[in-house]
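The following exercises concern the reading of a protein model. Each task is followed by a solution in steps.

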Amino acid sequence: MSPPARPLRRDAQRNHDLLVQAARDVFAVKGLDAPLDEIVRRAGVSPGTLYNHFSTREGLIEAAMQEHMEQAIAIAQQAHDTEDPWQGLDFLMTRLIAFQAADRGFCEAIGERWFASGSPIGQLREQYDHLAGLVIGRAKDARLLRADFGVDDLAGLVTGAAHAIRTSCARTTLHRQLDLLQNGIRG
């Protein structure tokens, strides 16, 4: 068993937090392939400080997306706590599509990057998938969803709708995307 990690010095913790917030901000607009020098500039630290805290881009992405995954879990928990199965699923879809449409980095992290199950974000993803599966299962039990609909289907539809909203020249809306999606998955 390894000894617990020592807490960071106050200045090191501040730099870590500045880098994570800058990464969230830059990834939200430019996606996960955004230049690291822009993140360093926004955080007001040196490139060496970035690499001292995060030896890989993936490590920085995980740190930046952790809070977002925690928010996704909270959304899924609220959806699960909703008594009506369809309203719970609608809440989950609406909130996740809006969240991903507003944050390109989170949309890419969920839709394109699969983190190892043992990693912190991978464990959060498993918690989210479990809750989303319960929400879907209730809707299926109530015969409100197609029998073959699952968590992976939900992820693909939500990510696709968010991308369409964010990039469409026709200015598609959240409500239009939801209407199209939900009518296609009803049981």
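**Exercise 1. The chain as a whole**

Among contacts in the chain between residues at least 6 apart in sequence, what percentage join residues at least 24 apart?

Solution. The model is predicted: local features need pLDDT of at least 70, side-chain atom pairs count only at pLDDT 80 or more, and totals for chains, interfaces and linings use all residues. Residues are numbered from 1 along each chain as its sequence is written, and side-chain values use heavy atoms, with hydrogens and water left out.

Step 1. A contact means heavy atoms within 4.5 Å. Of the contacts between residues at least 6 apart in sequence, 70% join residues at least 24 apart.

Step 2. The chain contains 9 helices and 0 strands; these are DSSP runs numbered from the N terminus, with helices (H or I) of at least four residues and strands (E) of at least two.

Step 3. Of the 187 residues, 45% count as buried. Buried means under 20% relative accessible area, exposed over 50%, and partly exposed in between (1.4 Å probe, protein chains only).

**Exercise 2. Helix 2**

Identify the buried residues of helix 2 and what covers them.

Solution. Step 1. Helix 2 comprises residues 36-43, and its buried residues are Leu36, Glu38, Ile39, Val40 and Ala43.

Step 1. An α-helix has 3.6 residues a turn, so residues three or four places apart point the same way.

Step 2. The cover of these buried residues includes helix 1 (10-30), helix 3 (47-53) and helix 4 (57-81).

Step 3. Glycine 44 follows helix 2 and has a positive phi, near 75°.

**Exercise 3. Aromatic rings**

How many aromatic pairs does the structure hold?

Solution. Step 1. Rings of Phe, Tyr and Trp (its six-membered ring) pair if their centres lie within 6.5 Å; planes under 30 degrees apart count as stacked, over 60 as edge-to-face and the rest as tilted.

Step 1. The structure holds 1 aromatic pair. Phenylalanine 99 and phenylalanine 106 form this stacked pair, at 4.5 Å centre to centre with 25° between the planes.

Step 2. Both phenylalanine 99 and phenylalanine 106 are buried.
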